[in-house]
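Dear colleague,

Please find below the structure that I am handing over to you. My notes on what was found in it follow directly after.

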Amino acid sequence: MTGKHLPPADLRPPTWLVVGSGIVALAAAMGIGRFAFTPLMPLMMRDGTMSAAAGAEWAAANYGGYLAGALTAAWFSSDPRRGVHLSLIGVALTTLAMAWIGGETLALLGAVLRAAAGVFSAWALVCASSWCLAELARRHAPQLGAWIYTGVGLGIALAGALAWLGGRQPASWLWLELGLIAAAGAVSVGLGLGGRGRAPASAAAHLAPAVAPARRHGHLGLVLCYGTFGFGYIVPATFLPAMARQLVADPLVFGLTWPLFGLAAALSVAIAARWLSAWPRRRVWALAQGVMALGTALPLAAQALWSLAASAVLVGGTFMVATMAGLQLAREQLPANPTPLLARMTAAFAAGQIAGPILVRLLGPGSWAGWDALAWANAASTVLLALTSAWLWRDADPVHSTVRQGR
């Protein structure tokens with residue numbers, strides 16, 4: 001009879017394990033499953049296992065898979081922990097399989113694997129955010145939720161450092177090594193949380209009853225702002241290396257940029273978690289989006305290495321802060337079951353990042369008023385990011401942060 005009345009906390013994983021599992025899950029799913037292709041693509045081209053055209057197709061397939069994953073992530077709304085486990089297994093398997101992809105005859109299979117990796121990484125981001133933030137809210141420690149997003153930057157830095165330091169290896173060996181790391185991450189998260197009970201929706205719902213009803217009208221605005229963020233960040237993230245390659249011939253410079261990008265992302269999230277935890281999430285998001293607008297505007301002001309480097313730091317140092325703040329805000333809006341809203345926001349983000357390269361392609365190789373397609377795309381990103389930053393800042397409610405911190 002006493003076992004029947006045990007407090008739910010006895011079945012919960014400890015707080016440090018929730019945070020650590022979130023970090024590992026996002027490092028494997030996003031840093032490896034989502035972004036490892038960026039530093040490995042030039043190595044695959046060097047090895048002759050992939051053409052430039054195939055690289056573009058694989059990247060597009062990954063974007064499309066990410067959109068599909070965002071649209072279907074709501075399948076796991078009743079059990080996001082299950083979605084985390086399945087997605088991490090999928091990331092490990094698709095990364096390992098990439099070690100055996102090479103040659104034009106396998107180009108289609110490579111695109112399929114990159115699309116699948118995009119699906120799994122979107123599931124992981126949505127489900128890990130939903131599960132970890134809910135678990136931390138139940139422990140009255142929502143401020144710790146920001147730390148799980150350092151995992152994305154750490155994963156990017158890990159993949160980039162492996163490609164940089166081990167760049168003399170065949171790319172297939174690097175895919176195998178990254179796949180084994182992803183598999184180890186999946187096992188560690190599975191062992192840490194596999195036997196634990198999940199939080200019922202009602203347990204999370206009572207933690208913030210004053211927050212959710214007051215903000216339901218703002219969901220469309222949040223989705224549009226998150227989609228704008230996807231459009232704004234993807235243009236420099238995709239094309240800045242190509243622009244920098246025209247100015248610097250040393251390949252070691254390009255090898256170092258990706259781990260630095262990841263470290264900037266991880267450090268910026270840690271700084272925001274440490275010193276901006278008392279800010280309303282809308283204002284943190286607005287600040288990140290505004291700084292990102294400055295990053296997209298710099299290449300318009302000067303075509304020089306310093307402006308491209310500064311742009312990379314400003315965009316790389318804010319894209320995970322915006323991700324963190326946006327997904328935390330979704331959790332505040334719908335504390336009982338945030339997964340559907342998280343999925344809609346992630347789908348808008350995926351659509352935005354698909355639209356960026358498409359706009360560059362549609363504008364073509366010509367120039368108008370002295371600007372080429374990349375410049376016009378950066379200009380559009382700057383305007384949209386600045387407008388959404390202003391809207392988020394204006395709509396922020398300081399009282400909302402007080403309620404959140406007091407939970």
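A residue is called buried here when its relative accessible area is under 20%, exposed when it is over 50%, and partly exposed in between, with a 1.4 Å probe and protein chains only. By that rule F349 is buried, with a relative accessible area of 6%.

Please note that this is a predicted model, in which local features need pLDDT of at least 70 and side-chain atom pairs count only at pLDDT 80 or more, while totals for chains, interfaces and linings use all residues. Residues are numbered from 1 along each chain as its sequence is written, and side-chain values use heavy atoms, with hydrogens and water left out.

Overall picture

The protein chain has 16 helices and 2 strands; helices (H or I, at least four residues) and strands (E, at least two) are DSSP runs, numbered from the N terminus. Of its 407 residues, 55% are buried. Among contacts with a separation of 6 or more, 85% are between residues 24 or more positions apart, a contact being heavy atoms within 4.5 Å. The chain exposes about 16600 Å², and carbon and sulfur atoms supply 72% of that area; accessible areas come from the Shrake-Rupley method with a 1.4 Å probe, and for residues only the protein chains shown count as cover.

Aromatic residues

The whole structure contains 15 aromatic pairs. Rings of Phe, Tyr and Trp (its six-membered ring) pair if their centres lie within 6.5 Å; planes under 30 degrees apart count as stacked, over 60 as edge-to-face and the rest as tilted. The ring centres of F76 and W123 are 5.0 Å apart and the planes meet at 70°, so this pair is edge-to-face. It links distant parts of the chain, 47 residues apart: F76 is in the loop between α3 (52-72) and α4 (80-97), whereas W123 is in helix α5 (residues 107-138). Both F76 and W123 are buried.

A second pair, Y226 with F349, is tilted, at 5.7 Å centre to centre and 45° between the planes. Because Y226 lies in helix α9 (residues 219-245) and F349 in helix α14 (residues 339-363), the pair ties together parts that are 123 residues apart in sequence. Y226 is buried, with a relative accessible area of 2%. Y226 and F349 also belong to one aromatic cluster, formed together with F35, Y66, F229, Y233, W285 and F319.

Two arginines lie over aromatic rings. The criterion for a charge over a ring is NZ of Lys or CZ of Arg within 6 Å of the ring centre and within 35 degrees of the ring normal. R34 lies over the face of F35, at 5.4 Å from the ring centre. The charged end of R283 sits over the ring of W393, 4.6 Å from its centre.

Salt bridges

How many salt bridges does a search of the whole structure find? It finds 3, a salt bridge being a side-chain nitrogen of Lys or Arg within 4 Å of a carboxyl oxygen of Asp or Glu. One joins the side chains of R46 and D47 at 2.9 Å, N to O. R46 is partly exposed at 44% relative accessibility, and D47 is partly exposed at 32%.

E135, R138 and R139 are linked in a network of salt bridges. The side chains of R138 and E135 meet at 3.3 Å, N to O; both residues lie in helix α5, 3 residues apart, about one turn of the helix. R139 also bridges to E135, the closest N and O atoms being 2.6 Å apart. E135 is buried, with a relative accessible area of 1%, as is R138 at 9%, and R139 counts as buried at 16%.

In the loop between α5 and α6 (150-165) lies H140. Phi of H140 is near 60°, a positive value in a residue other than glycine.

Nonpolar surface patch

W164, L165, L256, L260, L263, L267, I271 and W275 form a nonpolar patch on the surface, with about 840 Å² of accessible area together. Patches are made of residues with over 30% relative accessible area and no salt bridge; like charges are joined within 9 Å, and nonpolar side chains (Val, Leu, Ile, Met, Phe, Trp, Tyr) within 5 Å. The elements that give two or more residues to the patch are α6 and α10 (251-275). Helix α10 gives the most, with 6 residues. I271 is in helix α10 and is partly exposed, with a relative accessible area of 47%.

With kind regards
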